[in-house]
Number of protein chains: 2
Amino acid sequence: MTNPVLVEAIRGALVESRHRGAVAVVDAAGASLLALGDVERPIYPRSAVKALQALVLMESGAAARYDLADEELAVACASHSGEPGHVAAVTRMLARAGLDGGALECGTHWPIHQPSAQALARSGATASALHNNCSGKHTGFLCAACAMGEAHQGYVSPTHPVQRAVHATLEALTGCRLGEDCRAIDNCSVPTWAVPLRGLALAFARFGSGQDLAPGRAKAAARLRAACAVAPWHVAGTGRFCTEIMQRFGARVFVKTGAEGVFCCALPEQGLGFALKCDDGAGRAAEVVTAAMIARFLPLDGAEQSFLDDFLRLTLRNWKGVAVGALAPTVVLG
Amino acid sequence: MTNPVLVEAIRGALVESRHRGAVAVVDAAGASLLALGDVERPIYPRSAVKALQALVLMESGAAARYDLADEELAVACASHSGEPGHVAAVTRMLARAGLDGGALECGTHWPIHQPSAQALARSGATASALHNNCSGKHTGFLCAACAMGEAHQGYVSPTHPVQRAVHATLEALTGCRLGEDCRAIDNCSVPTWAVPLRGLALAFARFGSGQDLAPGRAKAAARLRAACAVAPWHVAGTGRFCTEIMQRFGARVFVKTGAEGVFCCALPEQGLGFALKCDDGAGRAAEVVTAAMIARFLPLDGAEQSFLDDFLRLTLRNWKGVAVGALAPTVVLG
């Protein structure tokens, strides 16, 4: 099955590039509201399921034990930009568990946020694991390991109790059996299990509504969603899509990006979840598709529609700031 | 026409992402040796035709008048990484024409080469137009304008004599009429004309062989190719695909990348040219396709084949350096 073209990059009068992909929108009972392209083929959700992984942080008792605040819970669900505020939140979390950046097993990269990377270089310092966009999630895993009374070393291994708990959580929420044949290693060294988009959409419908979840899990999900709604900057960062959308819509939209063109989203008031992947892994196109799905399934007033329009059709500018084209959804997105 | 999947990104046991595209390989007489996907649809070549644009620098007499050396001619054909050596070559060229970075109309971005960007930040300086990957090409345009006795201001406009000369050169080499309907603005503010891949491949077969070119133009093309073969670092930079390929193969391969997944290439000894575009604009996939075409059409010894294998199947590593997957050509590429 060839997935449809969902987004086009336009330059001058012509389409310059094309992005294909698939989208599943389901309710918490698993009923399909929309399926574009192949929604049954397993895809790696990568960082798009960080909030589901963070359920283990809640359910292990670590969040309560270490008295984690909104910013800290939000950064545990984040692919953050490595700005000083993100690093500070991660450092605080680690300290609560008696740890520091040396315990992180995510590897190192420079901050995604360029001014922060430049400021770091100007200061004469270099990047550390704290700047890795996944350091908050990893700190969540470390806190969970400590609260569970487990050794935190090797917490990234699929056989570590923390990752076993993550695996069980993902199977329960997605309704899919996630065998070793669909397990790969993420760029931050933890396991990533391939799941059909339909299963991911169901997981986020459940995460957003609490439907079909045990009361404790529903409460944990609600707490994480509330934290991200209060502290959306901690989930991504300055100028980032997830942050801007959640700053505007608050608790009405939970949205999270994953590498290689993935997004997962919950619309709690509608009881809906959706998940999408661009075939080619393009994040720029996945953002347009996500904006299109929010515009289609979330009731909007005029100002909200106008806000989303800027994400739905993105003006592309050259190095002089001149508009040279646009990134736009195709008619397939409705 | 749906273009075939040419490259797959593999993670664990599954294909994570897929890149479609088209490739045209032709000889200097225009005979097709290979056509994968739609090679008749016009695509914007972007920076992949910088060497053709630089013919105007030669033919205007500017290269001789300003006594440009190999490094300077190579940087005029470059999408350089903004490393100090690139900036130095551009600065020297500008000085020969009595100009400085203030004359550049390409706009500013930070060096592509991250250590150079960090060193720039550490020094307390900021990026300038000299660091723009297109600054060498723009300096070529400025030198041409001066040698032609034209005002250099506004040299990026399609109505400026330099761009008119570029337009005529592109029409002649590609054998295509390039009307205003296929003209857009590139990210560095100069015009980019959409050309079918077949026409681009023909242009590079001619550029590489001199066949069907007037003697002066054939000599200018040979001089530019020789300069790039001698100074391939100046055409891209440290660790970059174009540089590494031309460092290895010297005058046997001329290769140049363009934004949005484009590559153009000449194999002078075979009298062949090829041009390709990934539908989604992915440079990572375009590099694999280019390596596959070189492996297919250039006679190689064992060491050369082994060298190319590293570009044909690229191991993907996570932030800890662990192999997590690969970028690999599909069987379509042969």
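This report covers the pockets and salt bridges of a predicted model.

## The largest pocket

The largest pocket holds about 1,400 Å³ of space. It is lined by 34 residues. Closest to its centre are A:Ile112, A:Gln114, B:Ile112, B:Gln114 and B:Gly283.

The largest share, 4 residues, comes from H12(B). By class, the lining of the largest pocket has 18 nonpolar, 9 polar and 7 charged residues.

## The second largest pocket

The second largest pocket holds about 650 Å³ of space. Its lining has 25 residues, and those closest to the centre are A:Trp319, B:Arg46, B:Asn133, B:Asn187 and B:Ala259. Two or more residues each come from E1 and strand E11 (314–317) of chain A, and from E8 of chain B.

The class make-up of this second lining is 9 nonpolar, 7 polar and 9 charged residues.

A:Arg11 sits in strand E1 of chain A, which spans residues 5–11. Its relative accessible area is 4%, so A:Arg11 counts as buried. The cut-off for buried is under 20%.

Neighbours within four places in sequence are left aside here. In chain A, A:Arg11 is in contact with A:Glu16, A:Val324 and A:Gly325. In chain B, A:Arg11 is in contact with B:Tyr44, B:Arg46, B:Ala184, B:Ile185, B:Asp186, B:Asn187 and B:Thr192. Two of these contacts, B:Arg46 and B:Asn187, are also among the residues closest to the centre of the second largest pocket.

## A salt-bridge network

The structure holds 20 salt bridges over all chains. One of them joins the side chains of A:Glu16 and A:Arg11, at 2.8 Å from N to O. A:Glu16 has a relative accessible area of 5%, so A:Glu16 is buried. A:Arg11, at 4%, is buried too.

This pair belongs to a network of salt bridges that links A:Arg11, A:Glu16, B:Arg46 and B:Asp186. The network therefore includes a residue, A:Arg11, with a relative accessible area of 4%.

## A bridge between chains

The side chains of B:Glu260 and A:Arg284 meet in a salt bridge of 2.8 Å, N to O. This pair crosses between chains. B:Glu260 lies in the loop between E8 and strand E9 (262–267) of chain B. A:Arg284 lies in helix H12 of chain A.

Are the two partners buried or partly exposed? B:Glu260 has 16% relative accessibility, so B:Glu260 counts as buried. A:Arg284 has 29%, so A:Arg284 counts as partly exposed.

## A bridge within chain B

B:Glu72 and B:Arg96 also meet through their side chains in a salt bridge, at 3.2 Å from N to O. The pair links distant parts of the chain, 24 residues apart. B:Glu72 is in helix H4 (residues 70–76) of chain B. B:Arg96 is in helix H5 (residues 84–96) of chain B.

B:Glu72 is buried, with a relative accessible area of 1%. B:Arg96, at 38%, counts as partly exposed.

Notes: Residues numbered from 1 in each chain as written. Chains lettered and ligands numbered in written order. Predicted model: local features only at pLDDT ≥ 70, side-chain atom pairs only at ≥ 80, totals over all residues. Heavy atoms only, no water. Buried < 20%, exposed > 50% of the residue type's maximum accessible area, 1.4 Å probe, protein only. Contact = heavy atoms within 4.5 Å. 1 Å grid on protein atoms, 1.4 Å probe; cavity = no way out; pocket = protein on both sides within 12 Å on 5 of 7 lines; lining within 4 Å. Points joined across faces, edges and corners; volume = space filled by probe spheres on them. Nonpolar A, V, L, I, M, F, W, Y, C, P; charged D, E, K, R; others polar.
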